[in-house]
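Here are a few exercises to work through with the model open beside you. Try each task on your own, then follow the solution step by step.

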Amino acid sequence: MTGAAASQLAGVGQVTIPSPEILVERARAMIPVLRERARACTRAGDVPAESVAEMKAAGFFRVLQPRRWGGYEMHPNVFFDIQKALAEGCMSTGWIYGVLGCHPYELALFHDQAQRDVWADDAEMLVSSTYQPVGKVEKVEGGFYLSGRWGFSSGSSHCGWVLLGAINFDTDGGPPDMRTFLLPRSDYQVIEGTWDTFGLQGTGSFDIVVERVFVPEYRTHKASDGFACANPGQKENDGPLYRLPWAQVFMRSVSTAAFGGIRNATSAAIDIMNSRVSSNTGKASKADPFLHAAIARSIAEVKEMELTHRAAFDEMMGYAERGEAVPMDRRGLFAYQSASVVRRMADLADDMVKLLGGRAVYMSSPILQPWLDLHAARAHVANDPANRTSDVIGTMHGEPPAFTFI
């Protein structure tokens with residue numbers, strides 16, 4: 001699609017939909033200002049409210065939202081291109097965009113009443129999450145009581161709702177029932193100050209506390225529905241976008257910020273290379289063949305990974321548009337590829353940092369923060385390839401996946 005399109009959207013009035021090219025251009029235009037704010041973002045432990053407001057104004061959070069709610073309902077690769085650009089300016093900002101920006105996709109899979117609860121009064125409402133299945137669930141008539149404390153809710157201070165993972169064991173003898181529970185801000189506390197880490201400090205991934213609140217059945221999303229691509233919200237949101245496996249969208253949202261981080265780190269390495277001369281040996285970094293090799297390898301391998309990821313979603317959207325299911329062996333391979341990139345990029349950054357001497361140890365060094373952020377991003381469970389290896393092999397031989405978030 002080129003240029004801008006305008007649509008009359010049910011319940012949300014006239015909304016102008018920018019082209020993918022314009023959206024990505026807007027994101028790239030934010031890179032310099034996000035770099036200027038990055039130190040303050042890290043020190044504050046949260047992305048500045050003005051950055052979130054600017055991302056909202058640019059329309060970035062609408063990319064995966066259904067059109068009937070004023071969203072753009074675009075190809076996921078548009079979403080990931082925006083995320084990569086934002087993360088090139090500040091990886092914490094790119095990270096929370098990935099997480100908060102993919103939640104309109106999951107909300108579109110919920111029952112229609114849940115979507116109305118969140119978007120009827122404010123179609124730009126942001127929703128944070130933490131999917132750790134640590135909550136206590138009590139099944140009752142019409143829904144559940146939910147209690148507990150969750151960690152890692154990125155961007156939570158900017159949101160009015162939250163998605164929380166928990167397992168319902170009261171299934172009349174059936175298997176445990178993993179669900180995501182949707183709660184309004186009045187039903188939970190954000191415990192600020194609980195995110196003290198060596199990287200991605202600006203994501204504000206604070207703890208969430210819930211003290212036994214009622215959650216109606218329609219404000220829950222079953223993991224088994226997401227796995228089967230048979231979700232309640234697909235009745236109203238029947239476009240091909242919402243036929244994708246939910247896990248494929250989410251796992252990419254927490255690996256893609258690394259592309260921006262490694263681009264930033266590689267650019268910083270080149271800048272240092274061009275100006276550094278060792279005060280002890282007198283050798284210039286721009287004549288160091290080992291540094292040249294590390295930088296060249298970073299540029300080449302990141303491009304290869306990017307092309308692979310882009311092709312994966314082109315292939316999945318092709319299946320969705322034809323009304324076909326994505327084969328399980330392809331889902332297994334795509335999940336492994338997504339889980340692998342952050343560690344590979346952290347290794348690429350390591351190889352550059354260790355060749356830049358004392359210029360790479362100061363916190364003011366432009367390569368330090370993206371290097372730390374890449375290592376912190378490796379810790380997310382979705383970025384651990386060890387969780388995916390067996391399913392790559394098993395699904396190739398017709399076996400069901402052991403890890404069904406795939």
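**Exercise 1. Find the residues around the centre of the second largest pocket, and say which helix gives the most to its lining.**

Step 1. Ala 38, Asn 264, Pro 366, Gln 369 and Pro 370 lie nearest the centre of the second largest pocket, among 21 lining residues. Helix H2 (31-44), H4, H5, helix H9 (257-275) and H12 each give two or more residues to this lining. Helices (H or I, at least four residues) and strands (E, at least two) are DSSP runs, numbered from the N terminus.

Step 2. The largest share, 5 residues, comes from H2.

Step 3. A pocket, on a 1 Å grid over the protein atoms alone, is an open set of points where a 1.4 Å probe fits, with protein on both sides within 12 Å along at least five of seven lines; a cavity is a set from which the probe cannot get out, and lining residues have an atom within 4 Å of a point. The second largest pocket holds about 330 Å³, a volume being the space filled by probe spheres set on grid points joined across faces, edges and corners.

A word on the ground rules: this is a predicted model, where local features need pLDDT of at least 70 and side-chain atom pairs count only at pLDDT 80 or more, while totals for chains, interfaces and linings use all residues. Residues are numbered from 1 along each chain as its sequence is written, and side-chain values use heavy atoms, with hydrogens and water left out.

**Exercise 2. Describe the lining of the largest pocket.**

Step 1. The largest pocket has a volume of about 1,200 Å³ and is lined by 46 residues. Look for Tyr 131, Gln 132, Phe 250, His 380 and Val 381 nearest its centre.

Step 2. S3 gives the most to this lining, with 5 residues.

Step 3. Sorted by class, the lining has 26 nonpolar, 15 polar and 5 charged residues. Here Ala, Val, Leu, Ile, Met, Phe, Trp, Tyr, Cys and Pro count as nonpolar, Asp, Glu, Lys and Arg as charged, and the others, Gly among them, as polar.

**Exercise 3. Locate the salt bridge of Glu 124, and then find this residue again at a cavity.**

Step 1. Glu 124 pairs with Arg 62 at 3.6 Å, N to O. A salt bridge is a side-chain nitrogen of Lys or Arg within 4 Å of a carboxyl oxygen of Asp or Glu.

Step 2. The partners are 62 residues apart: Glu 124 sits in the loop between helix H6 (112-119) and strand S3 (127-140), and Arg 62 in the loop between helix H3 (49-57) and helix H4 (76-89).

Step 3. Glu 124 is partly exposed at 33% relative accessible area, whereas Arg 62, at 15%, is buried. Buried means under 20%, exposed over 50%, and partly exposed in between (1.4 Å probe, protein chains only).

Step 4. Glu 124 also lies nearest the centre of the largest cavity, along with Phe 61, Pro 104, Met 125 and Leu 126. That cavity has a volume of about 110 Å³.
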